[in-house]
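Here are my notes on this structure, as numbered points. Please read them beside the model.

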Amino acid sequence: MNPFQYARADDAADALRRGAISGAAYLGGGTNLVDLMRETIARPDQLIDVTGLPATIAETDDGGLLIDAAVRNTALAEHPAVRMRYPVLSRAILAGASAQIRNMATVGGNLLQRTRCTYFYDAEGARCNKRTPGSGCDAREGFNRIHAVLGASDACVATHPSDMCVALAALDATVHVDGAEGQRTIPFADLHRLPGDQPDRDTVLRDGELITAIALPALPTGARSAYRKVRDRASYAFALVSVAAVLQLEGDRVVDVRIAFGGVAHKPWRATKAEAALRGQTITQQVVLDAAAAEFAEARPLRDNAFKPALVARTLAAVLTDLARGEAA
Amino acid sequence: MSLFVNGAQVPAPTDPRVSLLDHLREGLHLTGTKKGCNQGACGACTVLVDGERILSCLALAVQFDGRQITTIEGLASEEGLHPLQAAFIEHDGFQCGYCTPGQICSAIGMAAEAQRGVPSHVTDDLGGTITLTREEIQERMSGNLCRCGAHNGIVEAIQAVLVEGVPA
Ligand SMILES: Cc1cc2nc3c(=O)[nH]c(=O)nc-3n(C[C@H](O)[C@H](O)[C@H](O)COP(=O)(O)OP(=O)(O)OC[C@H]3O[C@@H](n4cnc5c(N)ncnc54)[C@H](O)[C@@H]3O)c2cc1C
Ligand code: FES
Ligand code: FES
């Protein structure tokens, strides 16, 4: 690990002042950053601990929730309002990592954990444009079972690993950030980037910007939500693919549906084409498979991951038929 | 700057790079907490901070100024072993023993989580109370791997203490 100076921020203003220095990085639970620093893939020379910043979950005037960035993943998953009103979010968090890691991880850190793959970690043995821009990508022609099928580029085929972020994409969350140029809000779907020719940049955040909170809007009356994760072992494994969905029916017709996929792209993938195909329809297995096919029309599978579009389609069909029957939590 | 480890006040390391795990083992010579993977993947380094289970390998010791840390060395009392320690012996909850300190600290953290109603991935009703079934224990303990495959004994030991409440 490279040497660095450590400071604990008292409040957001203090964090921003310290974070404005080049080479500084914010530290949440450290479960991603400390690991990357140990591998010398991340080399900040100032760490600003932001776990002492406010960590509350508050009701908003429009019936939603405002979640501070320092809230731990466990605290968010167990919050009564999240369990009752946003089960997709509770479920997604509980499907991720392990209890120990969820106790450490913060909301801000979960959002900004690196989009990554095993080649990104292999600093000695592999080329990676995300780690060393311009060096090449060994994943494209390598073992790429876990990699992206949508929105990838020649430069990078890594996927964003978060479960929580897939739920937040489906919930139309808003990210509150603060920085040298003042406060701004970013629609969740716009926070993470596709790799293009700059895969070293995972998000649209500017240098030194701090995530302060996430806002969840109220869900439409009667809407139900669920999360399903498919992985190589039953627990403590990253998603091969995952589906978050919010469904509102009138009779048996879809009035509103919001869908996001994990494990398919460089960012949590909001499936707007599938949503459009489903609006006004009655949920059946075939209707959902067709909607998923519309979303994956431009998929570009690699050697080992051609199974992903069909796996996502079947997972989506299972989630939506359960939600339509009122079965999933 | 100082931490409290098993009730005793101890200095934090001067180099902020030192993980809580290395500080416990190398700095304080409390070698009960084990280093398995050193990257968050095995749970051998699990300790309790203010009663919550965390991974000490991914934690920087300087982050824990003023916090109460409990390691396996802090569990037994003058009256004898902690009930979970005794149950692990009774139910063959280990073979080589390398994962055991992490398993036991993790189980103590898990008990507190279940008691305050934290659901898990396998909990059917997000609004209900938690019953620590075998399936629940397996899911909640999935962050602690055992290379020796002692999982059956581990789950039985935990069930005996936390569910049946049988003091060993
Ligand atoms: C073994 C293992 C298994 C895992 N499995 C899963 C899984 O199955 N599913 C899943 O979703 N995740 C999984 N994870 C990832 C885990 O969820 C993340 O590491 C965690 O959420 C990161 O949160 P943190 O607070 O520890 O972030 P940190 O490591 O502290 O920070 C991550 C990044 O965010 C930045 N940052 C932190 N807070 C802020 C802020 N407020 N504003 C701006 N920048 C900030 C940091 O500078 C850093 O770049 C796993 C991790 C491990 C180690
Ligand atoms: S040593 Fe910490 S999780 Fe393996
Ligand atoms: S007893 Fe050997 S690793 Fe668990």
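1. Start with Thr315(A). It sits in helix 13 of chain A, residues 308-324. Helices (DSSP H or I, at least four residues) and strands (DSSP E, at least two residues) are numbered from the N terminus. Thr315(A) counts as buried because its relative accessibility is 7%. The classes are buried under 20% relative accessible area, exposed over 50%, and partly exposed in between, with a 1.4 Å probe and protein chains only. Beyond its neighbours within four places in sequence, Thr315(A) is in contact (heavy atoms within 4.5 Å) with Arg228(A), Val230(A), Val241(A) and Val243(A).

2. Ground rules. This is a predicted model, in which local features need pLDDT of at least 70, side-chain atom pairs count only at pLDDT 80 or more, and totals for chains, interfaces and linings use all residues. Residues are numbered from 1 along each chain as its sequence is written, chains are lettered from A and ligands numbered from 1 in the order in which they are written, and side-chain values use heavy atoms, with hydrogens and water left out.

3. Domains. Chain A is assigned domain 1 (1-52) and domain 2 (54-329). Those bounds come from an automatic or database domain assignment. Taken over C-alpha atoms, the centres of domain 1 and domain 2 of chain A are 25 Å apart.

4. How much area is buried between domain 1 and domain 2 of chain A? About 1400 Å², with carbon and sulfur atoms giving 69%. Leu16(A), Asn32(A) and Ile41(A) supply 35% of what domain 1 of chain A buries against domain 2, more than any other three residues. Buried area here is the accessible area (1.4 Å probe) that two parts lose on being put together, summed over both.

5. Contacts across that interface. In chain A, 16 residues of domain 1 touch 19 residues of domain 2. The rule finds 0 salt bridges between domain 1 and domain 2 of chain A. A salt bridge needs a side-chain nitrogen of Lys or Arg within 4 Å of a carboxyl oxygen of Asp or Glu. On the domain 1 side of chain A, helix 1 (12-19) and helix 2 (33-38) are the elements that give two or more residues. Helix 1 of chain A gives the most, with 4 residues.

6. Asp14(A) pairs with Arg17(A) at 3.2 Å, N to O, and with Arg18(A) at 3.1 Å, N to O. Arg17(A) is 3 residues from Asp14(A) in helix 1 of chain A, about one turn of the helix. Arg18(A) is 4 residues from Asp14(A) in helix 1 of chain A, also about one turn. Asp14(A) is buried at 5% relative accessibility. Arg17(A) is exposed at 57%, and Arg18(A) is partly exposed at 33%.

7. Arg206(A) is partly exposed at 38% relative accessible area, whereas Glu181(A) is exposed at 66% relative accessibility.

8. One network to inspect. Shared partners join the salt bridges of Asp172(A), Asp256(A), Arg258(A), Arg270(A), Glu275(A) and Arg279(A) into one network. The whole structure has 27 salt bridges over all chains.
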